[in-house]
Amino acid sequence: MKKLLLISLFLFSFAHADSLQVYSSFFGVYGNYSDGINSKAGSGYVTVGLNYRHHLTVGYDYLYKDGGSWNYKQQLATIGTTLNFDPFYIKASYGHINGKYEDTTSYTSTDYLNIYSGEMLFRTGALYLGAGANYVNLNGFENRNILQAVGRIDYYNGYIWYLSLRPTYTSVSTTNAMGNTTGKNKRDLISVGVKFNHLITTGWVGKIGGSFGKRAYYYDNELFTIYNQDETQEMMLSAGIDWYPNWNTVVNVGFQYNKFDGYEVNYFIAGVKFSW
């Protein structure tokens with residue numbers, strides 16, 4: 001308690017000595033699977049910025065999947081930070097998932113998953129070069145260890161357009177694979193992610209993106225989201241638009257198509273962000 005009080009007093013005095021910014025965002029996602037499954041998810045995030053340089057984000061996401069004769073409920077809590085020591089930047093985050101599966105026979109099972117992520121970036125002019133790693137540990141019906149090595153090439157052409165390339169190597173190891181274990185005990189996957197944003201007109205930004213190649217359990221350390229399906233993701237295509245009705249509000253709508261090994265998923269996304 002004494003340590004907590006000292007830390008709180010330190011942060012309080014620190015906050016009053018510098019400039020603080022607060023941002024919040026809320027999202028809803030509806031998923032339609034080609035095999036008849038539907039999913040609904042809602043999430044919220046709060047970010048505190050210091051001098052428009054260093055940022056700390058906490059988030060919560062709730063997911064419900066309905067498979068007819070079964071359902072799956074998942075809760076994801078995340079915390080992450082971006083530290084700006086221009087031209088060097090550090091990104092680090094942690095996430096924890098609790099999941100519960102139930103079916104009509106009263107069978108239930110639970111799982112939990114931990115996400116550890118770190119990345120270092122270097123800026124030269126408008127170009128950002130980065131390298132990082134994600135480690136994901138799953139304990140459930142099957143136990144898995146996932147290691148991802150992620151590169152980053154980002155280019156900002158002022159406020160007009162932004163291009164990002166993310167080559168990713170993923171290693172998936174399953175220690176207790178059930179049933180047909182072909183390709184499950186060990187997978188080595190390579191993919192490249194692409195993002196492109198462009199200012200259409202004042203207050204409107206168009207966004208397209210995709211992932212090509214193969215990956216699994218991909219974690220996005222900027223959105224704090226993870227594709228928590230075990231099946232290999234073979235392709236992702238996305239499109240969206242951001243509308244800025246005023247200086248402190250952004251409204252977002254988007255669509256995402258995903259092809260996994262054995263099925264496809266369409267995600268419909270809507271969200272709003274506020275600057276306080």
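The model is predicted, so local features need pLDDT of at least 70 and side-chain atom pairs count only at pLDDT 80 or more, while totals for chains, interfaces and linings use all residues. Residues are numbered from 1 along each chain as its sequence is written, and side-chain values use heavy atoms, with hydrogens and water left out.

## Salt bridges of Arg144

A salt bridge is a side-chain nitrogen of Lys or Arg within 4 Å of a carboxyl oxygen of Asp or Glu. By this rule, the model contains 15 salt bridges. One of them joins Arg144 to Asp230, with the closest N and O atoms 2.8 Å apart. This pair links distant parts of the chain: Arg144 lies in strand β8 (residues 144-157), whereas Asp230 lies in the loop between β13 (225-226) and β14 (233-246), 86 residues apart. Strands (E, at least two residues) and helices (H or I, at least four) are DSSP runs, numbered from the N terminus.

Arg144 also forms a salt bridge with Glu142, and here the closest N and O atoms are 2.0 Å apart. Both Arg144 and Glu142 are buried; for Arg144, the relative accessibility is 5%.

Arg166 and Glu222 form a salt bridge whose closest N and O atoms are 3.4 Å apart. This pair, too, links distant parts of the chain, for Glu222 is in the loop between β12 (219-220) and β13, and Arg166 is in strand β9 (residues 161-174), 56 residues apart. Glu222 is partly exposed because its relative accessible area is 32%, whereas Arg166, at 5% relative accessibility, counts as buried. Through shared partners, salt bridges join Glu119, Arg152, Asp154, Arg166, Lys195, Asp220 and Glu222 into one network.

Two strands pair if DSSP finds at least two bridges between them. Strands β8 and β9 run antiparallel and are joined by 12 bridges. Within this pairing, Asp154 stands opposite Ser164 in β9. The two strands, β8 and β9, form a hairpin with three residues between them, and Gly158 in the turn has a positive phi of about 60°.

Strand β9 is also joined to strand β10 (residues 186-201) by 13 bridges, and these strands run antiparallel. Here Tyr162 has Asn197 in β10 as its bridge partner.

Notes
Buried means under 20% relative accessible area, exposed over 50%, partly exposed in between (1.4 Å probe, protein chains only).
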